[in-house]
Amino acid sequence: MNILIVDDSKIVRRVLSNTVQRYFKGPEWPTLNVFEAEDGNFAMDQMKKEEIDIVLLDWNMPNMNGEQVVEAIRADKKWMKTRIIMATTEGSKENVLKMIKKGANGYMVKPFNEEAIFKTLDTITARMPKA
């Protein structure tokens with residue numbers, strides 16, 4: 001399992017990384033790699049280097065924002081199975097629907113806690129193959 005966390009806040013990336021590592025702990029997920037990117041440009045570089053299964057993605061970032069990243073990921077057939085979870089302050093119904101239509105698979109509104117992250121990951125991973 002390869003996870004990419006994309007947020008311009010180092011603190012948010014660290015919190016999400018630690019939470020994701022707790023979630024995917026156990027024999028059903030024998031391998032976990034967590035990658036981090038500080039903006040969409042770095043995220044796309046990482047997508048090209050690694051086979052990413054899940055992207056946790058902020059919307060508001062410099063250089064290339066989350067909406068642009070979703071569009072870039074969904075524009076390439078090789079990433080069609082990559083799950084995208086928006087993790088952002090942009091929580092209006094309009095924004096949620098916009099990103100789901102563009103190809104996001106899940107949505108979490110900041111501030112979120114471990115329970116909310118686990119619940120979202122439960123939904124996203126329900127149909128993913130395990131060990």
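Strand S1 (residues 2–6) and strand S3 (residues 54–57) run parallel and are joined by four bridges. The model is predicted. S1 and S3 belong to an open sheet of five strands. Helices H1 and H2 both lie across strands of this sheet, and the largest pocket has a volume of about 240 Å³.

**Sheet**
- The strand order is S2-S1-S3-S4-S5, and the pairing is parallel.
- Strand S2 (33–37) and strand S5 (106–109) stand at the edges.
- Each edge strand has a single partner strand, so one side of each has no neighbour in the sheet.
- From one strand to the next, the twist averages 15°.

- Helix H1 covers residues 10–23 and lies across S1, S2, S3 and S5.
- H1 runs at about 165° to S2.
- Helix H2 covers residues 40–49 and lies across S1, S2 and S3.
- H2 runs at about 165° to S1.

**Largest pocket**
- The volume of the largest pocket is about 240 Å³.
- The largest pocket is lined by 12 residues.
- Of these, Glu 51, Ile 52, Asp 53, Lys 81 and Thr 82 are the closest to the pocket centre.
- The lining divides into six charged, five nonpolar and one polar residue.

How values were computed. Residues are numbered from 1 along each chain as its sequence is written. This is a predicted model: local features need pLDDT of at least 70, side-chain atom pairs count only at pLDDT 80 or more; totals for chains, interfaces and linings use all residues. Side-chain values use heavy atoms; hydrogens and water are left out. On a 1 Å grid over the protein atoms alone, a cavity is a set of points where a 1.4 Å probe fits but cannot get out, and a pocket is an open set with protein on both sides within 12 Å along at least five of seven lines; lining residues have an atom within 4 Å of a point. Grid points are joined across faces, edges and corners, and a volume is the space filled by probe spheres set on the points. Ala, Val, Leu, Ile, Met, Phe, Trp, Tyr, Cys and Pro count as nonpolar, Asp, Glu, Lys and Arg as charged, and the others, Gly among them, as polar. Two strands pair if DSSP finds at least two bridges between them. Helices (H or I, at least four residues) and strands (E, at least two) are DSSP runs, numbered from the N terminus. Axes are lines fitted to C-alpha atoms, for helices over the stretch in contact, and angles run from 0 to 180 degrees between N-to-C directions. Contact means heavy atoms within 4.5 Å.
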